[in-house]
Amino acid sequence: ELNALDGIPAGLTATEIGYVDGVTSAIQTQLNTKASGVAAASIKSGNYTMSSGEFIIASAGSITLTLPASPSAGDNVTVKDGTGAAATTAFTVARNSSNIASSATDLTFDKNFHEVTMTYINSTIGWSV
């Protein structure tokens, strides 16, 4: 009854009230796990071979960003044109022997400020854009 008067719904357990009252170790663990899974952006101005989970910002044209070798289903990378000049100075995302969208060709990145996330599906599709 006291909880109802204080605006706390009846039926909450002591543990649930603890969650509402303040951050507990269980909540903090979940927050830390999510935060650690977010990739920080990495700026590249020269040729570079990516690893799964990376977020790469290209700061120069005429460079080659190479996809990871021997990818597994679910691997992903994000690539962004950071200069807004890709339409005039394109850069390449090299397929590294895997298909990109079912095609055995590299990806020419030529859209200003665009960003793509590529996820590896399987050996037939390769990297889905």
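Reply: A residue is called buried when its relative accessible area is under 20%. By that cut-off, 24% of the 129 residues of the protein chain count as buried. Please keep in mind that this is a predicted model.

Me: How should confidence be read, and what average pLDDT does the protein chain have?

Reply: Where pLDDT is low, the predicted coordinates should not be read in detail. The protein chain averages a pLDDT of 84, and 71% of the residues score at least 70. Caution applies to residues 1-5, over which pLDDT stays under 50; for this stretch the model has two contacts beyond four places in sequence.

Me: How many helices and strands does the protein chain have, and in what order do the elements run?

Reply: The secondary structure comes to three helices and nine strands. Read from the N terminus, the order is α-α-α-β-β-β-β-β-β-β-β-β. As for contacts between residues at least 6 apart in sequence, 49% of them join residues at least 24 apart.

Me: How are the strands arranged, and which of them form the open sheet?

Reply: In a regular strand the side chains alternate between the two faces of the sheet. Here, an open sheet is formed by four strands in the order S2-S4-S6-S7, with mixed pairing. Strand S2 (48-49) and strand S7 (107-109) stand at the edges with a single partner strand each, so one side of each has no neighbour in the sheet. S6 and S7 run antiparallel and are joined by three bridges.

Me: In what sense does S3 pair with strand S1 and with S5?

Reply: Strand S1 (residues 41-44) pairs with S3 in the parallel sense, over four bridges; Ala41 has Phe55 in S3 as its bridge partner. The pairing of S3 with S5 is also parallel, over four bridges, and Ile57 stands opposite Lys80 in S5.

Me: How is a nonpolar core to be read, and which residues have the most contacts inside the largest one?

Reply: In soluble globular proteins, nonpolar side chains tend to be buried together. The largest nonpolar core in this model has 17 residues, and those with the most contacts inside it are Met50, Leu65, Leu67, Val79, Phe91, Val93 and Met118. Two or more residues come from each of strand S3 (55-58), strand S5 (76-81), strand S6 (91-94) and strand S8 (115-122). S8 gives the most, with three residues. To follow one member, consider Leu67: leaving aside its neighbours within four places in sequence, its contacts include Met50, Val77, Val93, Ile100, Met118 and Trp127.

Me: How is a pair of aromatic rings described, and how many such pairs are counted here?

Reply: A pair of aromatic rings is described by the distance of the centres and the angle of the planes. The count here comes to two aromatic pairs. Phe91 and Phe109 are stacked, at 4.6 Å centre to centre and 10° between the planes. This pair links distant parts of the chain, with Phe91 in strand S6 and Phe109 in strand S7, 18 residues apart. Tyr120 and Trp127 have ring centres 5.5 Å apart and planes at 70°, so their pair is edge-to-face.

Me: Is Tyr120 buried or exposed, and is Trp127 buried or exposed?

Reply: Tyr120 is buried, with a relative accessible area of 10%. Trp127 is buried as well, at 0%.

Me: Where does the charged end of Lys44 sit?

Reply: The charged end of Lys44 sits over the ring of Tyr48, 4.1 Å from the centre of that ring.

Notes
Residues numbered from 1 in each chain as written. Predicted model: local features only at pLDDT ≥ 70, side-chain atom pairs only at ≥ 80, totals over all residues. Heavy atoms only, no water. Core = buried A, V, L, I, M, F, W, Y, C linked by side-chain atoms within 4.5 Å. Buried < 20%, exposed > 50% of the residue type's maximum accessible area, 1.4 Å probe, protein only. Contact = heavy atoms within 4.5 Å. Pairing = 2+ DSSP bridges. pLDDT = per-residue confidence, 0-100. Phe/Tyr/Trp six-rings, centres within 6.5 Å; stacked < 30°, edge-to-face > 60°. Lys NZ or Arg CZ within 6 Å of the ring centre and 35° of its normal.
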